[in-house]
Amino acid sequence: SVVLVGRWNPAILSPAGIKKHVFKLPPDQQVQVAVPLDGVSAYLVTNPEETLVVHVEEERLQIEVPKCTFASLQQGMRVACNALESLPVTPISAAGFNLNFITKTVCPELVAATDCHIDNNFATQGYRIVGRSTGRSVAFGEGQINITVTRLGDQSQVNCNFHLATRELDKVGVWLGTAVETVKEQLAKI
């Protein structure tokens with residue numbers, strides 16, 4: 001996913017506004033819109049290729065990448081830049097993109113990453129540990145990569161959040177312009 005934290009106006013970024021400002025589609029182009037039944041949640045607007053789903057709340061513009069490919073992630077980063085270019089007076093405080101991985105079987109490296117001496121203390125007190133997690137933040141360019149490893153039973157999850165805290169739109173544009181090859185290199189190292 002790609003996230004822009006700021007003060008977004010849902011009235012401007014209605015489904016029609018998302019089509020115009022985020023996807024940059026012509027007026028006659030169709031998009032899918034999922035309407036919330038609770039009347040409170042955000043509309044979910046899907047691009048014609050069905051590679052991106054956008055929703056807007058006052059504090060964030062979020063672009064989901066349901067097909068989970070690097071090409072779709074890059075497309076999501078580009079449309080986030082479209083929103084910034086179309087609505088340059090929107091106050092921004094952070095930008096990021098997230099890559100999440102799940103194992104289906106036990107991964108010894110992730111077991112080792114989440115084991116900790118404190119586990120013995122819990123066991124001594126009679127607690128059965130049902131989940132473990134650990135996290136680190138590492139410097140990357142002008143921002144950081146927040147890495148969280150979580151283990152529940154035989155399944156592990158690794159979340160990588162490429163995060164930049166800034167109010168400067170040009171820095172956000174550079175951050176969202178990070179080459180997919182660079183992202184792949186970082187993930188391979190992690």
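Is Ser72 buried or exposed? Select Ser72 to find out. Its relative accessibility is 6%, so Ser72 counts as buried. Keep in mind throughout that this model is predicted.

**Stop 1: helix H2**

Stay with Ser72. This residue sits in helix H2, which spans residues 70-86. Now show what surrounds the side chain. Setting aside neighbours within four places in sequence, Ser72 is in contact with Thr51, Leu52, Val65 and Lys67.

Move along to Val79, another residue of helix H2. Val79 has a relative accessibility of 7% and counts as buried, because the cut-off for buried is under 20%.

Draw a C-alpha to C-alpha distance from Val79 to Val22. The two are 5.3 Å apart in space, yet 57 residues apart in sequence.

**Stop 2: helix H5**

Select residues 169-176, which form helix H5. Which residues of H5 are buried? Val172, Trp175 and Leu176 are. They lie on the same side of H5, because they cover an arc of only 90° around the axis. Residues three or four places apart point the same way, because an α-helix has 3.6 residues a turn.

Turn to the face of H5 that points away from the buried side. There you find the exposed residues Asp170 and Val174.

What do the buried residues of H5 pack against? Color these elements in turn: strand E1 (2-6), helix H2 (70-86), strand E6 (92-102), strand E7 (132-140), strand E8 (143-152) and strand E9 (155-165). Helix H2, from the previous stop, is among them.

**Stop 3**

Show E7 and E8 together. They pair in the antiparallel sense over nine bridges. Pick out two cross-strand partners. Arg132 stands opposite Arg151 in E8. Ser137 has Asn146 of E8 as its bridge partner.

Follow the chain around the turn. E7 and E8 form a hairpin with two residues between them. Gly141 in this turn has a positive phi of about 55°.

Thr148 stands opposite Asn159 in E9. E8 and E9 form a hairpin too, with two residues between the strands. Gly153 takes a positive phi near 65° in this hairpin.

**Stop 4: salt bridges**

How many salt bridges does the structure hold? There are seven. Visit three of them.

Go back to Arg132. This residue forms a salt bridge with Asp115, and the closest N and O atoms are 3.6 Å apart. The pair links distant parts of the chain, 17 residues apart: Arg132 is in strand E7, and Asp115 is in the loop between helix H3 (108-114) and helix H4 (118-124). Arg132 is partly exposed, with a relative accessible area of 22%. Asp115 is also partly exposed, at 41%. Asp115, Asp119, Arg132 and Arg151 are linked in a network of salt bridges.

Select Glu58 and Arg7 next. Their side chains meet in a salt bridge, at 3.7 Å from N to O. This pair, too, links distant parts of the chain, 51 residues apart. Glu58 is in the loop between strand E4 (53-57) and strand E5 (60-64), while Arg7 is in the loop between E1 and helix H1 (15-22). Glu58 counts as partly exposed, at 43% relative accessibility.

For the third, select Glu181 and Lys184. Their side chains meet in a salt bridge at 3.6 Å, N to O. Both lie in helix H6 (residues 180-189), three residues apart, or about one turn of the helix. Lys184 counts as partly exposed, at 34% relative accessibility.

**Stop 5: a surface patch**

Which residues make a nonpolar surface patch of about 260 Å²? Select Val33, Val35 and Tyr43. Zoom in on Val35, in the loop between strand E2 (32-34) and strand E3 (44-46). Val35 has a relative accessible area of 53%, so it is exposed.

Definitions and conventions:
Residues numbered from 1 in each chain as written. Predicted model: local features only at pLDDT ≥ 70, side-chain atom pairs only at ≥ 80, totals over all residues. Heavy atoms only, no water. Patch = residues over 30% accessible without salt bridge, like charges linked within 9 Å, V, L, I, M, F, W, Y side chains within 5 Å. Areas by Shrake-Rupley, 256 points an atom, 1.4 Å probe, with all protein chains shown as cover. Salt bridge = Lys/Arg side-chain N within 4 Å of Asp/Glu carboxyl O. Helix = DSSP H or I, 4+ residues; strand = E, 2+ residues; numbered from the N terminus. Buried < 20%, exposed > 50% of the residue type's maximum accessible area, 1.4 Å probe, protein only. Arc of directions from axis to C-beta. Contact = heavy atoms within 4.5 Å. Pairing = 2+ DSSP bridges.
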